[in-house]
Structures are given as C-alpha cells and as structure tokens.
Amino acid sequence: MSINPPSNRLWWKEPIHGIELAWIIIAFLWGLFMFFFMIAWHFIGNQNLSTETYRVTPDQFVEKVEAFAEEYPLLDASGDPVDIEGTPVVSPPAGGDVYMLGRLWEWWPALELKKDQSYRFHLSSADWQHGFSLQPVNINISVHPGYEHVFTLTPTQTGEFGIVCNEYCGIGHHAMSGHIRVVD
Amino acid sequence: MTTIDHGAIGYVGPDIRYRSCPFTGRRIERSAELLIRANAVAAVIFLAVGGFFGLMVALTRWPAVQLLPAEWFYLVLTGHGANVLLFWIVFFEIAVLYFASAVLLGCRLATPRWAWLGFGLMVIGAVMANYAVLNGDSTVMFTSYPPMMAEHWFYLSLIVFAVGALIGVFVFFGTLVVAKDEQTYEGSVPLVTFGAITAAIIAVFTLACGAIILIPTWLWSLGLISGIDTLMYKLVWWGMGHSSQQINVAAHIAIWYAIAAMVVGARPLSEKVSRFAFLMYILFLQLASAHHLLAEPGMSSSWKIINTSYMMYLAVMASMIHGLTVPGAIEAAQRRNGFTRGMFEWLTKAPWGNPAFSGMFMSLVMFGFLGGITGVILGTEQLNVLMHNTIYVPGHFHATVVAGTTLAFMAMTYLVVPLVFQRDIIWPTLAKWQPYLFGLGAGGISLFMMGAGTLGVPRRHWDISMVDAAHQYEFAPAAYLMMGLNGMSAILAAAGGLLFIVLVVASILAGPRLDQPGAKLVFPLHDAGAQAVSEYGSEASLKIPGTVMLVAIFFFTFVLYYFVNWKYLSELWLFN
C-alpha cells in the first residue's frame, strides 16, 4: 500500500519490472531527443529568436525610435507622409534597422516592410512591460522597459498585420494596438 | 542520556490524545486532526471566492456576454489568481502535509502551537490580499510585474501568507522527526509520505524565492528602494510562481497514489521506481522558471535550453513514470480484486460511482494528456514564441492546476470528510456526479482556451474585438467560438465547484455521524485498506496490458502533437 511503509525494508534491492524499465528507457530517450532537437533547430531551423539585448533607458529608446521614424517616413504620390489611424507609417530600407516602441497604449510607429527581406528589429518599452503579439502570424515576444531586444525578422507573407499587446499593462491594455504592412 | 533525550522529545502528556479510526485502524492525534480540518475548511472557502471570480472572468471573456466592465475585469482576474492558485491550493497542501505525516505515520503533530500560528498568518495574509485587491489599488495581476506597482499591502499580504505556509512546512518536517524518534512506523516512510516530502522540499525553495523577490518589491512599494529590475523580478518571481505549481504536482501525484491505495487497494508496482521519480522532481523541477523567460530578451539560448528542459527532461521523465505506475498499480490491484477479463475490465469495472476514484482518475488522464503534453510544447525554446502570453498559457495551466490538482484535491476531500471530520457524504448521488461535472467543465476550459491561443487570442485581455483600439484587428471567427465555448465550460465547472462546496459544507455540518459504533461509509474503502503493513506487489510476471495500451496512446499523442507544432513553427516568419 502506498499509504503504509514498504513491507520489504530493503525495497531498493528489489528488481524493476521489465515493463517499468522499458518505459523509463523510452521516456529517457524521448527526453534526450527533445533536448537535442532544440539545439539542432539552431542549425537546421530558421525560427530561433535572437537573445541579443542591450541596456537602454526608456528616454534614449524613445529618441532612437523618433529619429528612425523621421528618417524613413513612407511618402505618398504627392510627397506627404502617410499615416494609418494617426500613426505614421515608416518604410525602412531592406536589411536595415527597425525600431518598435511599446507604450501606454500603442505600438509605435506603423511599418511597411518588404516580403522576404530581413530587418533588424529593435524592441523596447517606454513605460511598463508589454507583449508584442503579431497577428495572425502569432509571433509573441515579451517587451521590457530598460532592455533593447534586437532580433532579425523576415516576413514571408504579404498583407496587413495587427499587433496586439498580450502582457497586461493597465486599464488601456485591450486598446493597445499597432500595424505592420508587408508588400512585395 | 538516552532517557533524557527521549523524555524531552517523546513526552506524551495529557494533552496529547489519540483516537483509533474505525475504518482504517489508524491512530489519529487530536491536534493533527483539528489542524487538517481548519486548513481544509479555509481551502474550501478560498476556492469558493476564487472560483466565483473565475466564473466572472470567463463570462467577461465570452465576447457575446462580456459581463464585467474593464476595470472590474482586471481587478477580479487579479483576485482569481491569488485565491485559487495560491490560497486554495496552499491551504489544502498544508492539510495534505499534516495528513501524510501525522496520520499516515500514526504520530502526534510536532509543535501544534506553531502550526496554529502558521495557519493564523496564512489566514491574515489571504484576507489582506483580498482586501488589497478589492480595494482597487492593486490590479496588477497575480504576477505583479514591475514597474507597475501595487499598493504595499498587496506585497505584504503575500509575504505574511508565505511565512505562515513556511511554518506549516517546517511543522511537517518536525512531525517526520517526531515519528522517527517515537518509532511510530517501521522501516521507510510510505510512498505517499515520500511524495509529500518531495512537495515540502520544493515548497521551501518556492517560498524562499517568493521572499527573495517580494520583500524587495514591498520595500520598493514603500519607496525605500528606487527600482526593481524587470528581468530579475521575472526570473526570481517564477522561481516561486512556477515552482509552486510543482508543489501541486508532487502533492497531487501523492494523492493519486493515496486514493488508489484506499479505494481499490493499489500498491506501488515498485517502490524504487516511484520514489526515484519523486527524487527527479526534487532535483530538477525548480528549473522551470525559465518557462516564462523563453520569449524574453537577455537570457542566452543555452541557459534557456538547459533550464526549460529541466536538465534534459529528467523531470518530464519522472512524470511519464508516474503516468505508468499510477494506472499500472490500479490495474494490478483490480486484477487482484478479480477483474481479469480482457484488456480493460479492470478499468470498466472500477468504482466509477465513487467520487474519490472518478475524480482521481480523471485528474490523472487530463493532467497527462491536456496539461503535461502542452506544458512540454510551451516549454520548448523555439515553440514558445507561437504561444507565449496567448490564452494558450492559461489553457495549459488550467489543465494542470484545475483539471489536475484541483480535481485530485476534490477527490481527496471525499475521503477526508468521512475519515477526518467523521461525517459521511450527505448526498451520495450528487457526490457521484460532481467530479464528472467539474471535470468536464475544467477539461473544456483548458481545451478551448488552448484552441483560442493557437489563433493568437491574448491572455488577460478584456476585449478581443478591440473596439477602443486605434488599429483594428479582427481575430478569426473560430477564436470567438472558442471563447464562447470556454465561457460555457466555465459555467459547467462553476456548477461542479459550487456543488462540491455545498456537498462538503453540508456533509461537515449535517452529514451522518461516523463516530458511532457500527457506522458504515457510503463510499466504502477497499477491504484491505485496514492492513497495517502492505505486501509488495511483485507477482513473478507483472500483467498490466491495459495500462501499456493507455501509455502507448499517450506517447503517440505526445510525439504527434510535438511534431505538429514544429511544423507550424517552420512556417512562421524567419528570425534570420
């Protein structure tokens, strides 16, 4: 009985049943496989989120984002800056740096990216923690104030994509949104 | 010298009273019994409060209903987490620890006064936390990530609660020493006690992490510390937040073994294997803080891989071992009980009308299939980015903590009420149905939240239609369907939970008295339950074909779902 002391005081000397032993071996090998598969994906896969991180103060990061938005504004045919719902759209050069700021309660600025071009994303927060959640792609990354997270991102689809916030950030959390457009 | 030592520790004064349990033949000490009762009652009260908050949350997240306004939603969600994830579970666990030490070892509880002090602190902490949350100044979610700041009472309340719980854990350790010293048992402690020791050791680590992070955060909220590093907070906080769930795992697996022993007379297939699996928990489960940091900046990939895999999945291996040995022990016992036909007669003829058994077995199945598999997927370094902070995460942990732990604790309560409160279950027919109602609801909550999460629905979010947002984003219609089904499942689970609370309270207050001679249990224990010493179940050839089939189905599901997720990941935008 599991609720009584083992009747055999030398229980650790009892042999293990074949069924149990076989299952232990299977479970152990499967664990090893899953462990090494994570490592292997760093060599064979294309979805390994970079962990490159820099310390930054929220003010410094806001300055960088604003400079980025001023440098590469998307212009319409008549040369005027384009915005989506009041948020300026920035069109960075392919292969270039992209800055994205999470703050109460928006993702700023909006972006126009090119399909199959890679960008160096810089992600941080001006205030509280936020959750960068790109939909419907379903890429979800935590965003911390004070840390600038740098990773490469290559869109593989064209279309309009939404960014929602999936880290609770106060009463306006559910209204926090952003936009990325991917064109050919 | 020996005499003095023995006299000092083993003194049995007039205030130490034992009674003999007529159903199990066990010696039960009065103060242990009273403390188990007090902790179990407190647990059920906070389950009622937290469960009510949970229903409010689910009905608000049902898009067609959206019951509460946003402010109330976030407030109630904070309260839901604290009351059920912390207060209900930890109060019940303290009761389990006292049961697994004093009752199973047949000894007195060490330092009952300290145990009452611990209980008092836990009650004060839990009431304070509810006050702080309902006051409206501490809507920071259960995780309270800085730099968002709660009222200082909120952090203090959690610290007070944790100190109380820690005292309870040390009373448990003290009781083990008392039992050993007074020689109330022979040889090694029972397997269930071993599992409880595992839970208690993890609890010390957990509560230490809580103290390490909550004390500075409290000082910060008082203005005595200028800032709390957000990444450091998350790392250490989850040393408490995730490890506290590992206490649950160790505790509810110990309960699976206990219920299987008491209801069908199961004994471990092999003491060595089951204890080895618990030992793996002690060694590796604490690494799981990393599960919450896979989508974070800062930590290196090698750190993430080592920690998130519990050191090469050795703790996952341990859970998979219990996944074989618990149903295996039940099958072996049922075959001894005479149900030997075919592969599954042992299962079809199991006491499904006994809520302790049905709750326990559903907890086992849902914890493994819904909670365990999805936990490994979520905790895979690269796969996490698909689901991090979506409602898939609450889906996963409702499978582990609600369908797994809570259902197991409810099942155990159907044994605690008659054996410790000495009152029988008052309405057996309702009690028969209760685990099914709650289990169905809890399973539904888990599945539908996970389904919505794969469609990107965020957790802790008042309005996925995003009416107030500048940039509209339209979630897939299936996501709305899933959230609606989640709301309906929550109603089922809440009905099951309410029924449980009514049954427990009514049974304790007005159930048939069992302290009279000749009283019988409506849900009888296994005949051999009163055996003082067990026999080791080593038949020369162990035959558990049904369990082997169940485990094979589990493994197939696990491998299939694992690779399905890698397939999804391979189609994601590239990170290079």
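A salt bridge is a side-chain nitrogen of Lys or Arg within 4 Å of a carboxyl oxygen of Asp or Glu, and by this rule four salt bridges are counted between chain B and chain A. The structure is a predicted model, in which local features need pLDDT of at least 70 and side-chain atom pairs count only at pLDDT 80 or more, while totals for chains, interfaces and linings use all residues. Residues are numbered from 1 along each chain as its sequence is written, chains are lettered from A in the order in which they are written, and side-chain values use heavy atoms, with hydrogens and water left out.

From the N terminus on, the elements of chain A run α-β-α-β-β-β-β-β-β-β-β-β-β-β. The radius of gyration of chain A, taken over C-alpha atoms, is 24 Å, well over the 16 Å that the globule rule (2.2 Å times the number of residues to the power 0.38) gives for 184 residues, so chain A is more spread out than a compact globule. Along its principal axes, the C-alpha trace of chain A spans about 90 × 35 × 30 Å.

Where the two chains meet, 115 residues of chain B are in contact (heavy atoms within 4.5 Å) with 87 residues of chain A. Together the chains bury about 9100 Å², 65% of it on carbon and sulfur atoms, buried area being the accessible area (1.4 Å probe) that two parts lose on being put together, summed over both. In chain B, H471(B), W573(B) and F575(B) lose the most area to chain A, together 12% of what that side buries.

Helix α17 of chain B (residues 545–570) gives the most to the side of chain B that touches chain A, with eleven residues.

Within chain B, R275(B) lies in helix α9 (residues 271–284). At 3% relative accessibility R275(B) counts as buried, a word that here means under 20% relative accessible area, with exposed over 50% and partly exposed in between (1.4 Å probe, protein chains only). Leaving aside its neighbours within four places in sequence, R275(B) is in contact with residues of both chains, including P6(A), W11(A) and F194(B).

Helix α10 of chain B (residues 301–308) has S301(B), K304(B), I305(B), N307(B) and T308(B) buried, and the buried residues of this helix pack against α1 (18–44) of chain A together with α11 (310–336) of chain B.

Over all chains, the count comes to 22 salt bridges. In helix α2 of chain B (residues 30–61), E33(B) and R30(B) lie three residues apart, about one turn of the helix, and they form a salt bridge whose closest N and O atoms are 3.2 Å apart. E33(B) is buried at 1% relative accessibility, whereas R30(B) is partly exposed at 31%. E33(B) also forms a salt bridge with R37(B), at 3.9 Å between the closest N and O atoms.

Methods
Helix = DSSP H or I, 4+ residues; strand = E, 2+ residues; numbered from the N terminus.
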